[in-house]
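These are my notebook entries on one protein structure. I set down what I looked up, entry by entry.

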Amino acid sequence: MKFVSTRGQTPSLGFSDAVATGLAPDGGLYLPETLPQFTAADLARFELLPYPELCFEFLKHFATDIPPATLRSIIAKSYTKFAHADIAPIVRLDDRTSVLELFHGPTLAFKDFALQLLGNLYEHQCATRGQTINVLGATSGDTGSAAIHGLLGKPGTAIFILYPEGRTSPLQERQMACTGADNVYAIAVDGSFDDAQAALKELFADQAFRTHHRLSAVNSINLARVLAQCVYYLYAYLRLPAATRAETEFVVPTGNFGNVLAGWLLQKMGVPIHSFKVATNQNDILHRLFTTGDYRVSAVTPSLAPSMDIQVSSNFERFLYLSVGRDASKVREVMQTFKTTGGYKFEDFNRDTFSASRCTDVEIPGIIKSVYERYGYIVDPHTACAFADLAKDRPSLVLATASPAKFPDTIKAAIGIEPTDPSLELLKKLPFKKHLLKADAAAIRAFIDQHAV
Ligand SMILES: *Cc1c(COP(=O)(O)O)cnc(C)c1O
């Protein structure tokens with residue numbers, strides 16, 4: 001299988017190269033050249049497979065440059081650190097409402113599904129190419145810790161994660177700084193997230209530095225992330241009651257459009273998921289897009305669901321490419337207009353099977369409270385956004401993207417209970433190691449020169 005760029009101006013690549021490259025050189029995002037089609041007979045065959053086996057059956061269509069036995073063991077290893085035997089269990093709240101819990105991985109958020117796998121793919125790549133790799137990223141929360149836990153202690157790799165000093169939650173900081181692993185560098189910079197991001201951009205723009213250290217970026221657009229996420233949609237679909245499976249709407253808390261895009265791609269591969277609801281917080285670019293056809297940036301307002309505080313939804317470009325019939329010149333036109341004017345207004349926007357809802361910070365605590373009172377079930381602030389406007393005419397499966405234990409303050413304020421998790425308690429006992437740096441490219445460059453593998 002080859003992977004093409006949504007901007008159509010760069011050669012196609014095999015799976016491992018597309019994963020290693022991340023953003024395509026023409027500025028586009030990689031997608032499979034063709035989408036495999038799963039038939040009813042395939043789905044029947046998949047029905048009882050455990051999660052890692054199902055993941056293998058899915059990914060083998062894409063990762064065709066990795067020998068099957070190797071791919072199988074990479075996948076098996078990637079789902080050993082999940083605390084629930086089902087990996088992605090479904091909890092039924094009532095006849096019409098169920099929750100797919102995607103927070104049983106090592107950092108208690110759904111990003112572990114992709115980043116555990118990505119870490120093992122990087123390790124495999126280091127081994128087969130006889131090269132080391134240095135992974136670099138800036139984070140304001142969940143992505144950094146999930147990436148760190150994907151690469152923890154892996155030979156041939158080092159990971160450098162920058163975050164704004166004093167502006168991540170204490171729990172998130174501990175997840176990054178209390179790993180005990182020699183190849184992990186949690187770097188608190190004295191500046192904002194944007195300062196950290198700007199410094200990284202400068203380093204990545206330096207081609208010589210980038211090549212010398214074989215730098216790879218942690219970001220939300222990596223092909224492996226999207227493909228790994230398709231699997232839990234398939235797994236969940238197969239575990240819904242047969243009678244309501246074809247009717248159920250998947251409701252997905254969304255920021256960068258990465259999570260929900262994976263579900264939609266799976267639907268385009270023949271898995272008959274009825275529809276998707278894109279659930280945003282008050283940073284609602286996607287809600288505006290899906291309700292008015294206008295894709296337009298606006299300032300980010302920090303919210304109680306911080307992992308969805310985004311200005312643009314980078315993975316939208318993948319949806320756009322496929323929904324305009326793989327017309328890369330149309331994608332270039334839209335993205336160029338968007339970049340120069342801050343927006344693009346679609347005439348006849350085709351929303352396919354998507355609808356959207358939005359949820360403000362004023363509403364989130366009330367939703368946490370009402371879900372708790374009604375079902376005795378605690379949702380985190382991101383998952384709460386999904387409950388803002390559930391369909392009245394069909395069953396909903398809500399994707400729970402983080403454990404409530406990651407947001408004890410918000411939950412406590414809403415229902416008076418402070419949720420916890422054994423893994424977070426354990427962190428409090430581990431040694432804390434972070435590095436303080438200035439938020440400028442020169443300081444970070446010197447640090448990497450000193451510590452890179
Ligand atoms: C990252 C994240 C999201 C948003 O996911 P996207 O792929 O950006 O849509 C939602 N909830 C939580 C808890 C997250 O960590």
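**Entry 1: Helix α11 and the residue after it**

I began with the backbone just after α11, where Gly270 takes a positive phi of about 100°. The model I am reading is a predicted one.

I then looked up the helix itself, α11, which spans residues 258-268. Is α11 largely enclosed by the rest of the structure, or largely open? Ten of its eleven residues are buried, so helix α11 is largely enclosed by the rest of the structure. I listed the buried residues of α11 as Gly258, Asn259, Val260, Leu261, Ala262, Gly263, Trp264, Leu265, Leu266 and Gln267.

**Entry 2: The ligand**

I next asked which residues are the closest to the ligand. The ligand is surrounded by 14 residues, and the closest are Lys111, Asp142, Gly255, Asn256 and Thr401. By class, I found four nonpolar, eight polar and two charged residues in this shell.

For Lys111, a polar side-chain atom lies 2.5 Å from an oxygen atom of the ligand. For Asn256, a polar backbone atom is 2.7 Å from an oxygen atom of the ligand. For Phe257, a backbone N or O atom lies 3.3 Å from an oxygen atom of the ligand. On its own the ligand has 390 Å² of accessible area, and the protein covers 96% of this.

**Entry 3: The largest cavity**

How many cavities of 30 Å³ or more does a search of the whole structure find? I noted two such cavities.

The largest cavity has a volume of about 60 Å³. I recorded its lining as Leu115, Leu118, Gly119, Tyr122, Val135, Ala147, Gly150, Leu151, Ala217 and Val218. Helices α5 (111-129) and α6 (142-151) each supply at least two residues of this lining. Helix α5 gives the most, with four residues. By class, the lining of the largest cavity has eight nonpolar residues, two polar residues and no charged ones.

**Entry 4: A glycine in α6**

I stayed with helix α6, in which Gly144 is found. Is Gly144 buried or exposed? Gly144 has a relative accessible area of 1%, and buried means under 20%, so this glycine is buried. I also looked up the separation of Gly144 and Ile159, which are 15 residues apart along the chain. Their C-alpha atoms are separated by 9.6 Å.

**Entry 5: The second largest cavity**

The second largest cavity holds about 40 Å³ of space. I recorded Phe15, Ser16, Val19, Ile66, Leu121, His124 and Gln125 as its lining.

Finally, I turned from cavities to a pocket. About 290 Å³ of space lies in the second largest pocket. Which of its 16 lining residues lie nearest its centre? I noted Thr97, Arg374, Tyr375, Phe387 and Leu390. Helix α15 (residues 364-375) provides the largest share of the lining of this pocket, five residues. By class, the lining of the second largest pocket divides into seven nonpolar, three polar and six charged residues.

Technical notes:
Residues are numbered from 1 along each chain as its sequence is written. This is a predicted model: local features need pLDDT of at least 70, side-chain atom pairs count only at pLDDT 80 or more; totals for chains, interfaces and linings use all residues. Side-chain values use heavy atoms; hydrogens and water are left out. A residue is near a molecule or strand if one of its heavy atoms lies within 4 Å of it. A polar contact is a pair of N or O atoms within 3.5 Å; within protein, one must be able to donate a hydrogen and the other to accept it, and residues adjacent in sequence count only if both atoms are side-chain atoms. Accessible areas come from the Shrake-Rupley method with a 1.4 Å probe; for residues, only the protein chains shown count as cover. Ala, Val, Leu, Ile, Met, Phe, Trp, Tyr, Cys and Pro count as nonpolar, Asp, Glu, Lys and Arg as charged, and the others, Gly among them, as polar. On a 1 Å grid over the protein atoms alone, a cavity is a set of points where a 1.4 Å probe fits but cannot get out, and a pocket is an open set with protein on both sides within 12 Å along at least five of seven lines; lining residues have an atom within 4 Å of a point. Grid points are joined across faces, edges and corners, and a volume is the space filled by probe spheres set on the points. Buried means under 20% relative accessible area, exposed over 50%, partly exposed in between (1.4 Å probe, protein chains only).
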